[in-house]
Amino acid sequence: MSKDMSFEAVMARRPETMKKAIGIDYDIFESGSIAFDYERMMRETGYSLQQMQKIQSETGVGNTPVYELRNLTALARKFAPEGKGARIFVKDEAANPSGSFKARRAATACYHAKKLGYKGVIAATSGNYGAAVASQAAMRGLKCIIVQECYDSREIGQPEIVEKARKCEAYGAEVVQLTVGPELFYSFLRLLEETGYFNASLYTPFGIAGVETLGYELSMEFREREGKDPDVVVVTNAGGGNLTGTARGLIKADADTQIVGASVDLSGLHMASDKQFNKKSFTTGHTGFGIPFATWPDRSDVPRSAARPLRYMDRYVTVNQGSVFYMTEALAQLEGLERGPAGNTSLAATFALAQELDEDKIIVAQETEYTGAGKHIQPQLTFAKENGIEIVIGDPKDEIPGENIVLPEDPSYIKTKDIDLNKIKRSYIRNCIKNTKVNSVTSEDIEFLVKDTKSSEEFVKKVLDE
């Protein structure tokens with residue numbers, strides 16, 4: 001008898017589908033309440049740092065170069081107070097085989113799939129992760145399907161997403177392109193059921209563990225060349241895996257480093273809205289992912305997300321779209337590095353934050369990403385104009401996501417805006433109560449919430465009392 005493939009039936013089978021497609025029994029880490037054993041999950045279903053380094057080295061992933069951006073440092077010091085203007089560095093993750101840090105996650109995911117005997121892998125992503133999975137799958141001899149949210153209801157797709165689809169296909173992957181909406185996850189689940197392929201999710205323990213090598217490398221590289229750890233590492237934040245993995249790697253190196261998350265400010269735009277889908281110029285690294293995934297990480301495609309950014313974030317800032325485009329041009333013209341705009345979110349934040357720090361401090365933009373036809377600034381700004389977005393030069397404070405993109409009049413206008421982390425943490429705790437539907441909160445739950453929000457017992461209890 002054939003299975004019921006209606007939307008309701010497929011979604012109802014999600015737990016068994018996911019369990020079969022990932023090979024993790026998440027139940028063994030549960031405690032029947034809010035809490036679950038996060039560190040045990042990471043330890044027993046992930047890989048050690050040494051294992052990950054070996055796995056990644058087999059396919060040329062990792063050990064990417066670090067560049068000191070001396071010209072951008074000099075520019076930042078022109079606008080900084082006397083004695084301020086930290087040295088700016090960048091970790092060039094575009095040097096990975098598929099052109100982004102996500103090759104680190106894909107390397108462990110595809111290795112794991114091959115080890116478990118899966119014939120192929122599937123990933124639901126509109127971004128660089130699709131290209132990373134396709135690339136690593138090709139190296140491991142696995143079939144690959146990328147499910148991509150690509151178009152609005154007019155069948156118009158963003159040039160950056162279309163470019164990434166081309167890259168996935170170049171690696172031999174089959175790309176299933178869909179319109180924005182609930183059909184993405186439904187189609188993803190159907191394909192997992194029909195093929196029996198591995199779910200190369202961004203949010204599994206081995207996916208997150210793959211990024212730990214990046215944080216560890218940063219510490220080792222700076223100890224070797226500067227004799228100390230970086231003072232601040234700025235990480236582009238979307239679903240939280242980049243920040244989580246990088247921070248865990250730095251912790252494994254016993255690094256004394258502040259972790260700052262950075263997102264493009266797209267507040268006011270709804271990511272699942274058909275009308276607003278093409279009103280944004282960044283498909284990742286923005287608040288449309290950064291805020292929801294921070295306030296409820298388990299909204300992802302696995303029962304328990306291994307990406308839990310609030311555990312590790314010391315500060316969270318946003319930058320506007322225009323500033324990221326500006327810094328992309330500055331990186332190319334002042335430093336000779338042409339890299340994709342979305343990966344320069346952390347660089348735009350780094351440029352502004354460097355001006356707050358003493359000259360002898362080191363601040364690192366944690367990633368770059370490749371660029372290509374649809375990822376260049378010009379096609380993105382042209383597409384924005386075609387979708388009714390006004391492009392102006394002025395003060396980024398005047399930017400209204402979905403209405404205009406404000407390119408800074410000069411570098412002094414590039415600023416960050418702090419997000420109230422305590423507000424985010426309160427939202428997360430409230431979501432835990434709402435989504436887990438617990439009758440009472442145990443001492444174990446409180447201990448878990450303290451760790452998951454990097455806060456205190458007093459803070460958690462106060463929020464619970466509210």
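Which residues in helix 7 meet K164, K167 and C168 in helix 8? In this predicted model, the helix 7 side of the contact is formed by N128, G130, A131 and A134. Sorted by class, the residues where helix 7 touches helix 8 comprise three nonpolar, two polar and two charged ones. Two packed helices are described by the angle between their axes and the distance between the axes. Here helix 7 spans residues 128-140 and helix 8 spans residues 159-170, and the two pack at about 5 degrees with 8 Å between their axes. An angle under 35 degrees counts as roughly parallel, and helix 7 and helix 8 are therefore described as roughly parallel to each other.

The protein chain contains 18 helices and 13 strands. Along the principal axes, its C-alpha atoms fill a box of roughly 70 × 50 × 45 Å. The radius of gyration of the protein chain is 21 Å, which agrees with the value near 23 Å that a compact globule of 466 residues would have. Of these 466 residues, 61% are buried. Among contacts in the protein chain with a separation of 6 or more, 77% are between residues 24 or more positions apart.

Strand 6 pairs in the parallel sense with strand 3 (residues 120-124), over two bridges. Within this pairing, N199 in strand 6 is the bridge partner of I122.

Strand 1 (residues 66-68) runs antiparallel to strand 2 and is joined to strand 2 by three bridges, with Y67 opposite V90. On the strand 10 side, the pairing is parallel: strand 2 and strand 10 (residues 362-365) share four bridges, and F89 stands opposite V364. Strand 10 is in turn joined by three bridges to strand 7 (residues 232-236), again running parallel. In that pair, V234 stands opposite A365. Strand 2 (residues 87-91) has four of its five residues buried, so the rest of the structure largely encloses this strand.

R77 lies in helix 5, which covers residues 70-79. How many residues does R77 contact, leaving aside its neighbours within four places in sequence? The contacts of R77 are K84, G85, A86, R87 and E359. R77 has a relative accessible area of 31% and is partly exposed, because that value falls between the limits of 20% for buried and 50% for exposed. The C-alpha atom of R77 is separated by 40 Å from that of L449, which lies 372 residues away along the chain.

Key. Residues are numbered from 1 along each chain as its sequence is written. This is a predicted model: local features need pLDDT of at least 70, side-chain atom pairs count only at pLDDT 80 or more; totals for chains, interfaces and linings use all residues. Side-chain values use heavy atoms; hydrogens and water are left out. Axes are lines fitted to C-alpha atoms, for helices over the stretch in contact, and angles run from 0 to 180 degrees between N-to-C directions. Angles under 35 degrees count as roughly parallel, over 145 as roughly antiparallel, 65 to 115 as roughly perpendicular and the rest as oblique. Contact means heavy atoms within 4.5 Å. Ala, Val, Leu, Ile, Met, Phe, Trp, Tyr, Cys and Pro count as nonpolar, Asp, Glu, Lys and Arg as charged, and the others, Gly among them, as polar. Two strands pair if DSSP finds at least two bridges between them. The radius of gyration is taken over C-alpha atoms; the globule rule is 2.2 Å times the number of residues to the power 0.38. Buried means under 20% relative accessible area, exposed over 50%, partly exposed in between (1.4 Å probe, protein chains only).
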